[in-house]
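Visitor: I am new to this structure. Can you show me how to read it?
Guide: Look here, then ask.

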Number of protein chains: 2
Amino acid sequence: MYAAGDVRIENVPDARLIEPNDALVTVTRAAICGSDLWPYRTMEHSDGGRRMGHEFIGVVEAVGADVRTVKAGDLVVSPFLWSDGTCVFCREGLHTSCLHGGRYGFDDVDGGQGEAVRVPQADGTLVVLPVGRDDALMPSLLTLSDVMGTGHHAALAAETGPGKTAAVVGDGAVGLCGVIAAKRLGAERIIILGRHPDRIALATAFGATDVVSERGDEAVERVRELTGGFGAHSVLECVGLAGSTRTALEIARPGGAIGRVGLPQEEVIPEALPTFFGNLTISGGPAPVRAYIEELLPDVLEGRIEPGRVFDRVGPLDEVPDGYRAMNERGAIKALIEF
Amino acid sequence: MYAAGDVRIENVPDARLIEPNDALVTVTRAAICGSDLWPYRTMEHSDGGRRMGHEFIGVVEAVGADVRTVKAGDLVVSPFLWSDGTCVFCREGLHTSCLHGGRYGFDDVDGGQGEAVRVPQADGTLVVLPVGRDDALMPSLLTLSDVMGTGHHAALAAETGPGKTAAVVGDGAVGLCGVIAAKRLGAERIIILGRHPDRIALATAFGATDVVSERGDEAVERVRELTGGFGAHSVLECVGLAGSTRTALEIARPGGAIGRVGLPQEEVIPEALPTFFGNLTISGGPAPVRAYIEELLPDVLEGRIEPGRVFDRVGPLDEVPDGYRAMNERGAIKALIEF
């Protein structure tokens, strides 16, 4: 990406092993993330450009001398951040705060929207998939790199559970995965806040029981009507805009929890006093999806959840620029890249 | 209280039973709360004045026809809010959101800093104390009406537990009770942020292991130094000012939790992005102390905790105006009123 709206496919030097804990991975599937749209909308021109992409599945071509858990030929999925798996935060399941981790596309690490990636901290980062590289489950497996784990994180942070009402703010890929996660965790009722008919249809297929298409104060009123006047026990904030954040805080029931996974676009959290008087819990952040892959994988492999249905656009690498355009115009929920 | 700084002792009509679920309680001990200092500093003049006080122990004189769990002669402690004990929120332990509850000193309900109080929803509100009215444990038992339960709430909201480091922001009565609560819940290390020697001495006696007397950025740096650069797992925010809130958020470790019990003096919560990237949990609010009395009572009765030591000023009703003055000037931590 060279600037807002300017995504190009270019030849770059081949990815190669550098550190002894690296793996070299040939990408077989990648995705465009909703978070890639922030720079797509706002990035200043950069002469050198920026490598993009952080969601991918691929085949291990080679590993450094210290790598123990993956080997050449393995099909692997990567979380959207790399992490060592051994530091104090990784051991606590908070791989997003890994002391030796980092982001794809920065500091000599390739982006996932390309043919090959050098994966640092391969042992801590990669998870071997027990399927062939073109298995029909590829789209769902690919969501384990980000959106399904992020929806799960939102649901956990929002303390979703049996008997509870969950409300999901946002009908993008993460919000839709949040619906899957809320249902998987036993929510009795799942309210989706969104207004795009195809996305709402998918949310309903995933388990949403109620749809609120209003916005702002009207949305708050509608959720209260649906919940006996009290609001939702668990609110999954899957957008990050000022308005959606405010809505998320206002539709929570006293004693309820808000799980934030949408990247906040404002420097403050509003509603300090109402959230205080309501004893609300505000939690969440970037999802430590590495911590969740093993837990979610069996459900994907056995077909109990189908998060891959969020991909409504599939194409080869050359179509990545069009994929960005389509997602930015909301003509696509999420684009999958096949190599 | 007629205005900021203007507290008077006056004769008012005798408290009496009005509703069938009322109890009439003759007050034997009461307290001045840190939260009473907000109006003491800011209240506009009111011709009628405002009844003050919401922490008290007393003897039941009479009960309404529907009251079942307390009877004339019982010595009882009241939480700082009254609540029915039966609504959906009370059943969940969130008595501060009781559908039929309310505050002392408003709407024909007397304040606790007086000789007698009509207690609405007596069955849901009052807890019988198995001691005599002048038992030596009175100061500690009185803290169950507010500050000890509030410190406990902060510690719970901050997810304090064994092996964790807790940091307590504020050395007032609530912060000091927060230290007791953190120790009681098993915190391995307890850092008190405060600078008044007598309060710090009490915090240390209650179990604080480290003292940070710096403020602002220096306090943040000092807590990080004490915690291997990471911050505290559990932060108890016991002040509510803009600066203390910011400090509380900044000294939390990634993945940590902040329990807010200081009444927020700002309309927004700062640090939306750092708290997001650190996956922090922000929780807390007015403490449902009614939910905690039964749990904390045995520890007080058996001397395992001594929260009554926060009272460093004792006097009769006539000295209430001086008690406000002393607390406001930080010449006293907390004033106890004996009848």
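Visitor: At what angle do helix H5 and helix H6 of chain B pack?
Guide: This is a predicted model. In it, H5 (residues 147-157) and H6 (residues 173-184) of chain B pack at about 60°. Their axes lie 7 Å apart. Angles of 65 to 115 degrees count as roughly perpendicular and those under 35 as roughly parallel. H5(B) and H6(B) are therefore oblique to each other. The crossing of H5(B) past H6(B) is right-handed.

Visitor: Which residues make the contact?
Guide: From H5(B), they include B:Val147, B:Met148 and B:Gly151. From H6(B), they include B:Ala173, B:Cys177 and B:Ile180. By class, this contact of H5(B) with H6(B) holds ten nonpolar residues, four polar and no charged ones.

Visitor: Which domains does the assignment give for chain A?
Guide: Domain 1 covers 23-146 + 288-338, and domain 2 covers 149-284. Their C-alpha centres are 26 Å apart.

Visitor: How many residues of domain 1 of chain A are in contact with domain 2?
Guide: 18 residues of domain 1 contact 14 of domain 2 in chain A. Helix H11 (residues 289-301) of chain A gives the most to the domain 1 side, with five residues. That side has ten nonpolar, three polar and five charged residues.

Definitions and conventions: Residues numbered from 1 in each chain as written. Chains lettered and ligands numbered in written order. Predicted model: local features only at pLDDT ≥ 70, side-chain atom pairs only at ≥ 80, totals over all residues. Axes fitted to C-alpha atoms, helices over the stretch in contact; angles between N-to-C directions. Helix = DSSP H or I, 4+ residues; strand = E, 2+ residues; numbered from the N terminus. Parallel < 35°, antiparallel > 145°, perpendicular 65-115°, else oblique. Left-handed = near helix turned anticlockwise from the far one by under 90°. Contact = placed C-beta atoms within 7 Å. Nonpolar A, V, L, I, M, F, W, Y, C, P; charged D, E, K, R; others polar. Domains from an automatic or database assignment.
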